[in-house]
Amino acid sequence: MSQKGSDSYRRAYAGQIARLANVRDERIERAFATVPREAFLPPPPWTAISMGAALVTRELADIYDNVLVAIDPERGINNGEPALHAAWIDEVGPQPGETVIHVGAGTGYYTAILALLVQPNGRVEAFEYEADLAAQAAQNLTACSNVKVHAASAFGRVLPTADVIYVNAGVVAPDVQWLRALDPGGRLIFPWQPYKGWGPALLVTRRAGGLSAQSLMTVGFISCSGTTERISVARLPTEADLAAVRSIWIRSDRSPDSSAVAVYDDVWFSSEEIGD
């Protein structure tokens, strides 16, 4: 496949993904059209997965579609669905000059897209717990001078302050350090999975009055490696509780009250709205 052919596939794919995700920021489509997906995948043949069906292929056109692509089937690790990521990136809106923390960077494809969006003068701190994937990501991202790859868990550690924290692994509850790392106006997106394997994508924004939270869509992600999962102190939240969440609090800052819909060791979710 010529470079020209690869470019043509990427442009068509980026337009498709932007339409599927209803992307508002045209820079995101340009980023998807720029970053070569195949450079962040194992060598062909690739396994492309859509709606539970797998296609083993050597055709570049097959990975330039809204499909998962297997990175390590035995561990359940994939290069995630592009339209979902485009929608999430549009929600958190990385801007030039901002700092992004990418949790669960895998082999670096979406890290590279985030890195493009914060240029110039922005940076990405990418965390990947699986050492082999972190090493591969560091190699894949060599040309991205504004990315630093950490072969470590981003759970349970003090993080640099950031404008965006982008989490690509499911958690029973967000790490309190993610919340503390958010700068004013900072945005955190993560898969909240109080039930094993599924739950809402939650967008958290640091406002003057606290941390607002908005449920975006139901998703299923592989669980975050290097974490200790704890069940809600009182009970698992119901689907109605998940939909009712409007804010999140650090327990050392504020104790749970009657608005609580889910309570964990360090954080709790509330149905209370947060003002600007």
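The paragraphs below go through the cores, the sheet, the aromatic pairs and two further elements of this structure.

This is a predicted model, in which local features need pLDDT of at least 70 and side-chain atom pairs count only at pLDDT 80 or more, while totals for chains, interfaces and linings use all residues. Residues are numbered from 1 along each chain as its sequence is written, and side-chain values use heavy atoms, leaving out hydrogens and water.

The interior is a place to start. A nonpolar core is a set of buried Ala, Val, Leu, Ile, Met, Phe, Trp, Tyr and Cys residues joined through side-chain atoms within 4.5 Å; buried means under 20% relative accessible area, exposed over 50%, and partly exposed in between, with a 1.4 Å probe and protein chains only. The largest such core has 48 residues, and F32, Y109, I113 and Y166 touch the most other members. Contact means heavy atoms within 4.5 Å. Apart from neighbours within four places in sequence, F32 is in contact with R10, Y13, A14, I17, P82, A86, Y109, Y110 and I113. A second, separate core has 32 residues, among them A162, A173, V204 and V245.

Helices (H or I, at least four residues) and strands (E, at least two) are DSSP runs, numbered from the N terminus. Two strands pair if DSSP finds at least two bridges between them. An open sheet is built from four strands in the order β2-β1-β3-β4, with antiparallel pairing. At its edges stand β2 (53–57) and β4 (77–79); each has a single partner strand, so one side of each has no neighbour in the sheet. The antiparallel pairing of β3 (residues 68–72) with β4 runs over three bridges, and A70 has N78 in β4 as its bridge partner.

Aromatic rings come next. Rings of Phe, Tyr and Trp (its six-membered ring) pair if their centres lie within 6.5 Å; planes under 30 degrees apart count as stacked, over 60 as edge-to-face and the rest as tilted. The whole structure holds eleven aromatic pairs. Y13 and Y64 have ring centres 5.0 Å apart and planes at 70°, so this pair is edge-to-face. Because Y13 lies in helix α1 (residues 3–20) and Y64 in the loop between α3 (60–63) and β3, the pair ties together parts that are 51 residues apart in sequence. Both Y13 and Y64 are buried. For W88 and Y166 the ring centres are 5.9 Å apart and the planes at 75°, so this pair is edge-to-face too. W88 belongs to helix α4 (residues 82–92) and Y166 to strand β8 (residues 162–167), 78 residues apart. W88 and Y166 are both buried. One aromatic cluster is formed by Y13, F32, F40, Y64, Y109 and Y110.

Helix α5 (residues 109–117) is mostly covered, with eight of its nine residues buried. L114 lies in this helix and has a relative accessible area of 0%. Not counting residues up to four places away in sequence, L114 touches I89, P94, V100, H102, V124 and Y166.

Strand β10 (residues 199–207) is also mostly covered, with seven of its nine residues buried. Five bridges join β10 to strand β9 (residues 182–191), and the two run antiparallel. Across this pairing, I189 stands opposite L203 in β10.
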